[in-house]
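I opened this structure for a first look. My notes follow in the order I took them.

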Amino acid sequence: MQVIKYMFQPHGDERGQLVALEEFKDIPFRIKRVYYMYDTVPEVIRGHHAHRALEQILICIHGSCKIKLDNGKEKKVVPLEKPYEGLYVANNMWREMYDFSSDAVLMVLASELYDESDYIRDYNEFLKFIDEKVVLGG
Ligand code: TYD
């Protein structure tokens, strides 16, 4: 499984750091939605779902967390620990977010507006969906 982690270019000077993200330039899709998680309770695992179409970039802009990616065949754990790192999470990818530091702020840039019908929240349904895609795709 290929993990795509972007290293954004901070504009640093004697005042500090600034990161700017533009759609289709730094981010490979049109950004239709931004959301973020904070005050995550210790031991909590968020996510537990895949998306049919949605693409996302996850940026832990403060603190740290871990992201588990699962394409139905392989699993990978990606730590997010820097505010200039962005993890690309494609559609059809099961994801879990966990191990949040108490100060973690996980920001997500998303290619679509919120749409509950785009979610696959059942893991077995996800595996079936992936298998059917492989069959349809030859
Ligand atoms: P949920 O999908 O449970 O988050 P997670 O993927 O971390 O488990 O979302 C939590 C709540 O927030 C749920 O009531 C739906 C709502 N929500 C929105 O209204 N808009 C959004 O863009 C997102 C991501 C969630």
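**Notebook: sheet, ligand, overall shape**

Strands here are DSSP runs (E, at least two residues), helices are runs of H or I with at least four, and numbering starts at the N terminus. Two strands pair if DSSP finds at least two bridges between them. I looked up one partner: Lys-66 is bridged to Tyr-98 in E8.

Before going on, I noted that the model is predicted, so local features need pLDDT of at least 70 and side-chain atom pairs pLDDT 80 or more, while totals for chains, interfaces and linings use all residues. Residues are numbered from 1 along each chain as its sequence is written, and side-chain values use heavy atoms, without hydrogens and water.

Next I traced the sheet. Its five strands are ordered E6-E5-E8-E3-E10, the pairing is antiparallel and the sheet is open. Strand E6 (75–80) and strand E10 (119–120) are the edges, each pairing on one side only. In general, strands of a sheet pair through backbone hydrogen bonds.

Then I turned to the ligand. Which residues are around the ligand? I found Arg-33, Tyr-35, Arg-46, Gly-47, His-49, Tyr-114, Tyr-119 and Arg-121; a residue counts if one of its heavy atoms lies within 4 Å. By class, the shell has three nonpolar, two polar and three charged residues. Ala, Val, Leu, Ile, Met, Phe, Trp, Tyr, Cys and Pro count as nonpolar, Asp, Glu, Lys and Arg as charged, and the others, Gly among them, as polar.

I checked polar contacts, pairs of N or O atoms within 3.5 Å. A side-chain N or O atom of Arg-33 is 2.4 Å from a ligand oxygen. For Arg-46, a polar side-chain atom lies 2.6 Å from a ligand oxygen. Gly-47 uses a polar backbone atom, 3.2 Å from an oxygen of the ligand. Alone, the ligand exposes 530 Å², and the protein buries 58% of that (Shrake-Rupley method, 1.4 Å probe). Strand E2 (33–37) and strand E3 (46–51) each give two or more residues to the shell. E3 gives the largest share, three residues.

Last, the whole protein. Of the 138 residues, 35% count as buried, meaning under 20% relative accessible area.

Note on methods. A polar contact is a pair of N or O atoms within 3.5 Å; within protein, one must be able to donate a hydrogen and the other to accept it, and residues adjacent in sequence count only if both atoms are side-chain atoms. Buried means under 20% relative accessible area, exposed over 50%, partly exposed in between (1.4 Å probe, protein chains only).
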